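Trainee: I would like to go through the terms used for this model and see what each one rests on.
Mentor: Then ask about them one at a time.

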2 protein chains.
Amino acid sequence: MTDETSQPATLRQIAREAGVSVATVSRALRRPESVSAQTRERILALVARHRYVPDALAAGFASRRTGLVGLMVPTISNSIYAAFTESVQGRLQAAGRKLLIANTNYSATLESEIVHKLVESRVEGVIFTGCRRDGVLYELLRHYRIPFVVTWSTSGDPSIPAISFDNFAAAKAATKTLIQLGHRRIGLICGLSAVNDRAQQRIAGFRAELEAAALAFDPTLVAERPFEVAEGAAAAEAIMGTARPPTALFCANDIQALGALFACQRLGRAVPRDVSIIGFDDLPMTRIANPPLATVHVPAQEMGEAAADALVRAVDMGEPIQSRALDAKVITRDSIAAPRG
Amino acid sequence: MTDETSQPATLRQIAREAGVSVATVSRALRRPESVSAQTRERILALVARHRYVPDALAAGFASRRTGLVGLMVPTISNSIYAAFTESVQGRLQAAGRKLLIANTNYSATLESEIVHKLVESRVEGVIFTGCRRDGVLYELLRHYRIPFVVTWSTSGDPSIPAISFDNFAAAKAATKTLIQLGHRRIGLICGLSAVNDRAQQRIAGFRAELEAAALAFDPTLVAERPFEVAEGAAAAEAIMGTARPPTALFCANDIQALGALFACQRLGRAVPRDVSIIGFDDLPMTRIANPPLATVHVPAQEMGEAAADALVRAVDMGEPIQSRALDAKVITRDSIAAPRG
DNA sequence: TTGTATGCGTTATCAA
DNA sequence: TTGATAACGCATACAA
């Protein structure tokens with residue numbers, strides 16, 4: 001089981017030593033049943049002895065197939081994207097694909113560079129997060145016949161397939177839950193809408209529901225901040241420190257919601273007695289928090305799996321990718337209640 | 001700016017239309033200064049018009065260089081690995097490399113398969129998490145002249161370069177901090193040592209410090225559990241529910257520590273008055289929690305950057321990778337105090 | 001079941 | 001500064 005030479009072997013060498021053609025060795029590895037048991041044995045023994053590992057580069061080059069899929073997420077530090085990424089990867093791995101993950105860090109420039117790199121790598125498909133980007137990127141992918149799918153955002157444009165849930169409707173529903181409890185003055189903490197169309201859609205849903213309930217939108221109760229616990233905490237402190245603080249906070253992601261929860265408790269505002277808090281994403285931690293945090297469950301795993309599956313089918317069977325809207329759902333927990341008085 | 005044909009172009013086509021050789025086009029793209037301004041202009045115009053994107057597969061095949069680096073982490077759902085992954089990626093991206101991320105999900109079998117896939121892809125380097133694995137994998141990488149580096153675990157074997165910190169010493173120091181506060185009965189919650197050498201080293205550090213302080217090791221106060229908030233909470237409930245509960249809990253990761261914190265509070269055990277809790281990893285959230293959670297700061301970012309840099313230098317300049325021990329440091333916060341009475 | 005021959009798109013070497 | 005040409009390792013269509 002020790003290797004003959006210290007150099008990595010090639011198909012050609014294996015073939016020479018086995019006394020067969022390179023085609024036979026190739027077949028022995030790719031479609032073992034198409035080779036006689038005897039020659040197969042001989043070849044596989046040599047493969048093991050040489051520790052031969054086929055060159056996927058050469059193979060991909062020859063066959064024009066790479067088995068690569070690219071995934072663009074803003075960050076994986078937010079665990080909801082991490083969970084999403086893992087579900088995509090699990091599915092692709094099962095389908096024999098490899099995943100190239102790229103962080104765009106909420107930067108359009110970086111995203112554009114990365115898409116070019118993905119095209120260079122001749123990925124067979126691309127999964128985007130959010131739909132707002134330069135149309136040139138979509139055109140580039142189409143030109144190279146690379147199927148793509150948008151996740152985390154529904155796309156208005158029917159030519160851009162999206163497998164996602166409706167951020168606007170989900171945020172609207174979360175806001176409605178608070179209003180139905182009797183809240184009339186509600187604060188909002190969310191990501192930076194300038195670089196994040198999910199945040200932008202969630203704000204819009206929040207405003208729409210306020211409007212539907214004939215409540216005024218007060219910009220002093222709104223904070224757009226980076227996705228960090230500390231930012232959520234700081235935003236909550238600021239909002240709760242205003243002259244007329246709200247009786248409820250809608251945090252458009254759970255990371256900031258947890259920061260807000262901690263901050264309110266530190267300020268001596270009991271949750272939900274003094275202030276209700278509802279988050280967004282349904283991270284595992286929300287279930288365990290004190291009090292358990294109401295939130296909006298997003299179908300991160302289902303979305304990742306569906307996107308991966310759709311892409312694989314598009315590549316393998318040329319099946320066009322259909323847009324799909326998955327369900328997001330308000331999860332009521334003890335962090336929300338009717339306002340006092 | 002519209003493309004001539006609907007087919008992706010190749011170097012050859014660009015060359016033909018520009019009236020130059022393929023070599024010149026290749027040079028115009030790779031080393032623009034080595035081509036006259038005039039022909040360069042002409043070529044770049046055609047490149048833009050055709051939306052030509054070079055085929056990295058063919059280029060890599062011809063040059064025997066892929067620019068790929070493989071990273072194996074057990075999971076990215078734990079945000080400490082996510083942060084680590086991002087630091088690796090940032091550094092590699094800056095060095096013009098691409099990152100192939102693979103989740104091993106704490107499975108040795110899966111890891112082995114993935115290493116083979118990485119070799120197939122002819123990655124130029126591999127970053128491992130933890131050092132405990134079949135030596136055949138290391139041999140395979142050496143045979144293919146692929147440099148690798150272990151992170152998150154110091155390696156006993158000098159032939160296996162590790163850029164990490166000392167889990168044993170860090171866990172020992174955390175335990176010592178509790179003992180010095182006066183705790184004599186300390187519980188431990190950590191990951192599954194059977195599949196996780198970091199957990200195993202941290203347990204060992206915990207036991208070593210108990211022994212150094214002449215304290216008995218009580219297995220009923222130890223819980224090995226998957227890395228989940230809920231698991232941390234359940235473990236804390238179990239341990240605090242025993243006949244003689246400990247006065248302090250050492251949680252070998254912050255995720256479980258947060259779960260434990262929430263569980264203790266729910267049980268009516270005030271932290272740190274009734275029970276002290278110290279975590280491990282220094283996640284951003286620990287700083288914001290109520291009370292702020294004492295923890296062990298791990299150099300996740302520094303480790304990721306150092307590993308990436310070392311690998312790049314190994315590839316570019318053949319520089320062998322030196323093992324390095326980075327610092328981990330106990331962070332005292334309000335979740336720990338002297339025991340009552 | 002096996003072998004032969006061709007080509008995949010680029011880089012790199014050498015010569016002009 | 002540019003061109004001609006030989007690799008690079010494998011898959012595959014076709015022939016035997």
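**Terms and what they rest on**

Mentor: Six salt bridges are counted between chain B and chain A. Keep in mind that this is a predicted model.

Trainee: What makes the pair A:Asp55 and B:Arg64 a salt bridge?

Mentor: The N to O distance between their side chains is 2.7 Å. The cut-off is 4 Å between a side-chain nitrogen of Lys or Arg and a carboxyl oxygen of Asp or Glu, so the pair qualifies.

Trainee: How many residue pairs are in polar contact across the interface of chain B and chain A?

Mentor: The rule finds 36, with both residues at pLDDT 80 or more.

Trainee: Which element gives the largest share of the side of chain B that touches chain A?

Mentor: H5(B), with seven residues. That side divides into 31 nonpolar, 20 polar and 12 charged residues.

Trainee: How much area do chain B and chain A bury between them?

Mentor: About 5500 Å², 58% of it on carbon and sulfur atoms. In contact are 63 residues of chain B and 63 residues of chain A.

Trainee: Within chain B, why is H1(B) called roughly perpendicular to H2(B)?

Mentor: The axes of helix H1 (residues 11-18) and helix H2 (residues 22-30) of chain B come within 8 Å and cross at roughly 105°. The range for that term is 65 to 115 degrees, so H1(B) counts as roughly perpendicular to H2(B).

Trainee: Which residues in H1(B) and H2(B) meet?

Mentor: B:Leu11, B:Arg12, B:Ile14 and B:Ala15 in H1(B) meet B:Val22, B:Val25, B:Ser26 and B:Leu29 in H2(B). By class, this contact has six nonpolar residues, one polar and one charged.

Definitions and conventions:
Residues are numbered from 1 along each chain as its sequence is written. Chains are lettered from A and ligands numbered from 1 in the order in which they are written. This is a predicted model: local features need pLDDT of at least 70, side-chain atom pairs count only at pLDDT 80 or more; totals for chains, interfaces and linings use all residues. Side-chain values use heavy atoms; hydrogens and water are left out. Contact means heavy atoms within 4.5 Å. Buried area is the accessible area (1.4 Å probe) that two parts lose on being put together, summed over both. A polar contact is a pair of N or O atoms within 3.5 Å; within protein, one must be able to donate a hydrogen and the other to accept it, and residues adjacent in sequence count only if both atoms are side-chain atoms. Helices (H or I, at least four residues) and strands (E, at least two) are DSSP runs, numbered from the N terminus. Ala, Val, Leu, Ile, Met, Phe, Trp, Tyr, Cys and Pro count as nonpolar, Asp, Glu, Lys and Arg as charged, and the others, Gly among them, as polar. Axes are lines fitted to C-alpha atoms, for helices over the stretch in contact, and angles run from 0 to 180 degrees between N-to-C directions. Angles under 35 degrees count as roughly parallel, over 145 as roughly antiparallel, 65 to 115 as roughly perpendicular and the rest as oblique.
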